[in-house]
Amino acid sequence: MAKATRVRLLDSGTLVIDQSHITWNIGCGTPVRFPVYSVLIEHPDGLFMFDTGYDLELVNAVLPFELPEQTPEQTVPAQLAKCGFKPEEIDAVINSHLHFDHCGGNKHLVNATTFLHQDELREARTPEPFERLGYGDKSFDHPNAKFELLDGDLEFADGIHLFHTPGHTIGHYSMLLELEGGRPLLFMADVSYTAAAYASDLQAGFHIDPVAGVRSIRRIKRLAKEWGADVIFTHDAEAFRGYALAPETFTGSGVLSAAGGAQ
Ligand SMILES: [Zn+2]
């Protein structure tokens, strides 16, 4: 049994949404450009990815108002090449959820098994009317896709813990990664988008169950404290500027997160 040996963040470019979507109903009329990225995990049991970013062509076709900016270097194949890997070498992808900015690169991972919450797959295939844009990229359902459906909390591999944190979506998972040496990393995906939103228990304006969403933010805070983990923000431009990007190794934010166990 051994834990992850190396973690890298794969840059997927940026998108724009209104501030009021980042901090639900607060800050209307201020467009914000925010980062999208995925996580590459080298583990003794295999080569894994947590989420896969967005597909530029899809966003230009379906959600062009989010003004995607993604260079050819920011695609999943190009980011993996920077790390010395090919898409077909990925053994498994864990999707936090199936919104278009978290599963756009799945289709490149032709040999990977897709692990996700059972309810998420059902919801993404037949979304509620207000979720249709969020689930606007169906390419996760590609011909080579093999799904392993999960339920509840579990340890996916030694030191890779998945916590069911619904609210933003029905089957949303957050990931806590124990490292060989160093603080655990807590990737909460879209439970809350930014450090400022998280500090105020604010979830994004996109959600299926806002009450569950608030509970999930509080759960992340408890987990961070229990584990002494470094909370990593998914769509926070300022935090992202401080993150080491592939091909560099990512070891954390370098600062104690708000609820990172310091108190
Ligand atoms: Zn997202």
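Contact here means heavy atoms within 4.5 Å. In this predicted model, helix H5 lies across strands S5 and S6 and runs at about 95° to S5.

**The six-stranded sheet**

S5 and S6 belong to an open sheet of six strands, ordered S1-S2-S3-S4-S5-S6, with mixed pairing. Strand S1 (6–18) and S6 are at the edges with a single partner strand each, so one side of each has no neighbour in the sheet. On average, neighbouring strands of this sheet are turned by 20° against each other, direction ignored. Five bridges connect S5 and S6, which pair in the parallel sense. Across this pair, Leu 116 stands opposite Leu 149 in S6.

The buried residues of H5 are Glu 120, Leu 121, Glu 123 and Ala 124. These buried residues pack against strand S5 (113–117) and S6. Between helix H5 (118–125) and strand S6 (146–150) there is a loop that holds Asn 144. Asn 144 has a relative accessible area of 41% and is therefore partly exposed, as values between 20% and 50% are classed that way. The C-alpha atom of Asn 144 is separated by 8.1 Å from that of Lys 107, with the two residues 37 apart along the chain.

**The five-stranded sheet**

A further open sheet has five strands in the order S7-S8-S9-S10-S11, again with mixed pairing. Its edge strands are strand S7 (154–157) and S11, and each of them pairs on one side only. From one strand to the next, the twist averages 25°. Helix H7 (residues 210–227) packs on this sheet and touches strand S8 (160–164), strand S9 (173–177), S10 and S11. The direction of H7 makes about 155° with that of S8.

Strand S10 (residues 185–187) and S11 run parallel and are joined by three bridges. Phe 187 has Ile 232 in S11 as its bridge partner.

**Nonpolar cores**

The largest nonpolar core contains 41 residues. Within it, Val 39, Phe 156, Ile 160, Met 175, Phe 187 and Tyr 243 touch the most other members. Another core, of 13 residues, lies apart from it and includes Leu 47, Val 76, Leu 80 and Ala 112.

**The zinc site**

The zinc ion is coordinated at 2.1 to 2.3 Å by Asp 101 (OD), His 102 (NE2), Asp 190 (OD) and His 235 (NE2). The angles subtended by the four donor atoms run from 86 to 161°, and the arrangement is therefore irregular. A tetrahedral assignment would require all angles to lie between 85 and 135 degrees. Along the sequence, the spacing of the donor residues is D-H-x87-D-x44-H. His 102 and His 235 link distant parts of the chain, 133 residues apart. His 102 is in helix H4 (residues 100–103), whereas His 235 is in the loop between strand S11 (230–232) and helix H8 (237–241). Both histidines, His 102 and His 235, are buried.

**Backbone details**

| Residue | Phi | Relative accessible area |
|---|---|---|
| Leu 67 | near 45° | 47% |
| Ala 189 | about 50° | 2% |

Leu 67 sits in the loop between helix H2 (56–62) and helix H3 (76–82). With a relative accessible area of 47%, Leu 67 is classed as partly exposed. Ala 189 is found in the loop between S10 and helix H6 (195–199). Ala 189 is buried, because its relative accessible area is 2% and the limit for buried is under 20%.

One further backbone feature concerns a proline. The peptide bond from Ala 246 to Pro 247 is cis, with omega near 10°. Pro 247 is located in the segment after H8.

Definitions and conventions: Residues are numbered from 1 along each chain as its sequence is written. This is a predicted model: local features need pLDDT of at least 70, side-chain atom pairs count only at pLDDT 80 or more; totals for chains, interfaces and linings use all residues. Side-chain values use heavy atoms; hydrogens and water are left out. Donors are N, O and S atoms within 2.8 Å of the metal (3.2 Å for Na, K and Ca); water is not among the atoms, so sites may look incomplete. Four donors count as tetrahedral if all angles lie between 85 and 135 degrees; four count as square planar and six as octahedral if opposite donors are over 155 degrees apart and all others between 65 and 115; anything else is irregular. Helices (H or I, at least four residues) and strands (E, at least two) are DSSP runs, numbered from the N terminus. Buried means under 20% relative accessible area, exposed over 50%, partly exposed in between (1.4 Å probe, protein chains only). Two strands pair if DSSP finds at least two bridges between them. Axes are lines fitted to C-alpha atoms, for helices over the stretch in contact, and angles run from 0 to 180 degrees between N-to-C directions. A nonpolar core is a set of buried Ala, Val, Leu, Ile, Met, Phe, Trp, Tyr and Cys residues joined through side-chain atoms within 4.5 Å.
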